[in-house]
Amino acid sequence: QVQLVESGGGLVQPGGSLRLSCAASVGTFSDYAMGWFRQAPGKEPEFVASIGWSAKYTYYADSVKGRFTISRDYAKATVFLQMNSLKPEDTAVYHCAAELGANLSPNPDYWGQGTQVTVSS
């Protein structure tokens with residue numbers, strides 16, 4: 001059974017930074033592509049970033065390129081999302097996602113419960 005537990009959300013001022021973590025309980029962490037999606041109130045879920053099972057490839061939504069960085073720690077079976085220069089429009093519930101295979105599909109098999117990120121002055 002796959003379990004994904006996010007942490008690190010909170011309230012931050014515009015221009016600030018947050019680091020999200022997702023602890024993954026999976027069979028073999030290196031067999032899974034990982035990623036982050038977000039959902040703002042009244043909106044559809046939106047892809048944010050993903051990282052392949054080998055960490056060789058990373059992908060980002062245009063809206064976060066240059067501001068967010070995704071990474072993974074195989075020893076800790078954890079994926080991170082470093083978010084810098086945050087904007088009010090980044091406010092959303094951020095969900096960790098996982099999928100068995102090299103890269104994350106647009107509709108991953110496994111999702112975490114999410115962590116709230118609020119960017120406001």
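## Aromatic pairs

Searching the whole structure, which is a predicted model, turns up four aromatic pairs. One of them brings Phe-29 and Tyr-74 together edge-to-face, with 5.8 Å from centre to centre and 70 degrees between the planes. This pair bridges distant parts of the chain: Phe-29 sits in the loop between β3 and β4 (32–39), Tyr-74 in the loop between β7 (68–73) and β8 (78–83), and 45 residues separate them.

Phe-29 is buried, at 7% relative accessibility, while Tyr-74 is partly exposed at 34%. Elsewhere, Phe-37, Phe-47 and Trp-111 come together as one aromatic cluster.

## The disulfide

The disulfide count here is one. The bond joins Cys-22 and Cys-96, and their sulfur atoms are 2.1 Å apart. Cys-22 belongs to strand β3 (residues 18–25) and Cys-96 to strand β9 (residues 92–100), so the pair ties together parts that lie 74 residues apart in sequence.

What about its handedness? The torsion about the S-S bond of Cys-22 and Cys-96 is about -80 degrees, so this disulfide is left-handed. Are the two cysteines buried or exposed? Cys-22 is buried, with a relative accessible area of 0%, and Cys-96 is buried as well, at 0% relative accessibility.

How values were computed. Residues are numbered from 1 along each chain as its sequence is written. This is a predicted model: local features need pLDDT of at least 70, side-chain atom pairs count only at pLDDT 80 or more; totals for chains, interfaces and linings use all residues. Side-chain values use heavy atoms; hydrogens and water are left out. A disulfide is a pair of cysteine sulfur atoms within 2.5 Å. Helices (H or I, at least four residues) and strands (E, at least two) are DSSP runs, numbered from the N terminus. Buried means under 20% relative accessible area, exposed over 50%, partly exposed in between (1.4 Å probe, protein chains only). Rings of Phe, Tyr and Trp (its six-membered ring) pair if their centres lie within 6.5 Å; planes under 30 degrees apart count as stacked, over 60 as edge-to-face and the rest as tilted.
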